[in-house]
Amino acid sequence: MRASLESPKATPAEQSQAAGRAPSDALPLLRVLNVRKSYATPQGPVPVLKGVDLTLEAGSSLALLGESGSGKSTLLHLVGGLDEADGGEIILDGVRVTGQSDAERAALRRERVGIVFQQFNLVPSLTVAGNLAFQARLAGRFDADWQSELVRRLGLAGLEARYPEQLSGGQQQRVAIGRALAIRPRLLIADEPTGNLDEATGDEVLDLALDLIRRTGCGFLMVTHSTRLAARLNRQVTLASGVIAAS
Ligand SMILES: Nc1ncnc2c1ncn2[C@@H]1O[C@H](COP(=O)(O)OP(=O)(O)O)[C@@H](O)[C@H]1O
Ligand SMILES: [Mg+2]
């Protein structure tokens with residue numbers, strides 16, 4: 001499976017971004033600097049993130065803890081280019097995410113960031129194989145050898161022709177992790193990925209994910225409210241009152 005470890009060709013967006021890019025070994029994979037975000041409500045804007053600072057090195061994993069409503073998902077959405085910050089800077093892999101256009105953020109999500117949600121979010125009309133390949137094909141990063149390896153390592157062999165509704169929750173989440181890793185992301189982000197699974201299944205899914213993350217060398221940012229699960233990652237930080245309270 002040596003071929004599957006080689007980097008896929010640079011996509012057009014990567015080539016155009018490469019020009020203005022700092023050498024990636026001089027910078028951490030992810031830098032979040034003084035990031036702020038409010039939501040509009042009928043009573044006026046409600047600040048959720050009030051100046052968040054965070055660093056993640058390539059190949060390392062970070063657990064983001066915090067009470068419900070503390071802004072964990074909000075921060076993950078900003079880092080993954082799903083939403084825009086009000087202020088501050090997010091720099092991923094040498095590219096400044098903050099200030100990017102919608103199209104640039106869409107390219108970032110397609111090509112560099114794998115995202116796993118608590119609700120799995122598989123495409124119901126696609127088989128396991130179709131779901132796994134979905135994002136990678138969109139990004140022009142599909143690699144059949146790598147997909148076969150993901151199927152094998154995630155314990156999905158023999159299930160490729162099934163549809164999501166024919167899978168258990170744990171199996172669906174393993175497909176969602178495979179889909180996110182199929183693009184060989186620089187960063188994998190996961191929002192309470194085991195939140196809908198029983199404890200034993202959640203542990204097993206996290207084990208598989210951590211093993212694959214080590215193999216790909218991507219960074220891993222996981223939101224959880226479980227200190228037990230958080231302890232299995234390299235570092236843990238807590239979001240409280242709109243800032244990172246402890247690291
Ligand atoms: N789209 C939105 N519009 C208005 N308020 C929101 C929106 N998304 C989240 N919030 C509010 O922002 C706060 C943080 O939400 P969230 O980031 O989902 O927290 P967590 O993931 O830590 O539970 C909550 O008070 C939530 O109600
Ligand atoms: Mg959340």
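The protein chain folds into 8 helices and 10 strands, where helices (H or I, at least four residues) and strands (E, at least two) are DSSP runs numbered from the N terminus. This is a predicted model, in which local features need pLDDT of at least 70 and side-chain atom pairs count only at pLDDT 80 or more, while totals for chains, interfaces and linings use all residues. Residues are numbered from 1 along each chain as its sequence is written, and chains are lettered from A and ligands numbered from 1 in the order in which they are written. Of the 247 residues of the protein chain, 40% count as buried; a residue is buried if 20 or more other C-beta atoms lie within 10 Å of its own, exposed if 12 or fewer, and partly exposed in between, with C-beta atoms placed from the backbone.

**Contacts and core**
- Among contacts between residues at least 6 apart in sequence, 74% join residues at least 24 apart, a contact being a pair whose C-beta atoms, placed from the backbone, lie within 7 Å.
- The largest nonpolar core holds 64 residues, and those with the most contacts inside it are L64, V79, L187, L188, I189 and L221; such a core is a set of buried Ala, Val, Leu, Ile, Met, Phe, Trp, Tyr and Cys residues joined through C-beta atoms within 7 Å.
- Once neighbours within four places in sequence are left aside, L187 is in contact with L29, L30, L92, R112, V113, C218, G219 and L221.

**Around ligand 1**
- The residues surrounding ligand 1 are Y39, V48, G66, S68, G69, S70, G71, K72, S73 and T74, each counted because its C-beta atom, placed from the backbone, lies within 6 Å of the ligand.
- Helix α2 (residues 72–79) supplies the largest share of this shell, with 3 residues.
- By class, the shell has 2 nonpolar, 7 polar and 1 charged residues, where Ala, Val, Leu, Ile, Met, Phe, Trp, Tyr, Cys and Pro count as nonpolar, Asp, Glu, Lys and Arg as charged, and the others, Gly among them, as polar.

**Helices α4 and α6**
- In α4 the buried residues are V128, N131, L132, A133, Q135 and A136, and their cover includes α3 (102–111), α5 and α6.
- After α4 comes G140, whose phi is positive, near 70°.
- Helix α6 (residues 169–181) has 13 residues and reaches 18 Å from its first C-alpha to its last, close to the 18 Å expected, the expected span being 1.5 Å times one less than the number of residues.
- Helix α6 is mostly covered, with 11 of its 13 residues buried, and these pack against β6 (113–116), α4 (128–138), α5 (144–153), β7 (187–191) and α7 (199–216).

**Helix α7**
- Buried in α7 are G202, V205, L206, A209, L212 and I213. They cover an arc of only 130° around the axis, so they lie on the same side of α7, the arc being that of the directions from the helix axis to the C-beta atoms.
- On the other side of α7, A200, D207, D211 and R214 are exposed.
- The buried residues of α7 pack against β3 (61–65), α5, α6, β7, β8 (219–223) and α8 (227–230).
- Just after α7, G217 takes a positive phi of about 75°.

**Residue L33**
- L33 lies in strand β1 (residues 30–41) and counts as partly exposed because it has 15 C-beta neighbours inside 10 Å.
- Leaving out residues up to four places away in sequence, L33 touches D53, G88 and E89.
- The C-alpha atoms of L33 and G87 are separated by 9.2 Å, although these residues are 54 apart along the chain.

Definitions and conventions
Two residues are in contact if their C-beta atoms, placed from the backbone, lie within 7 Å.
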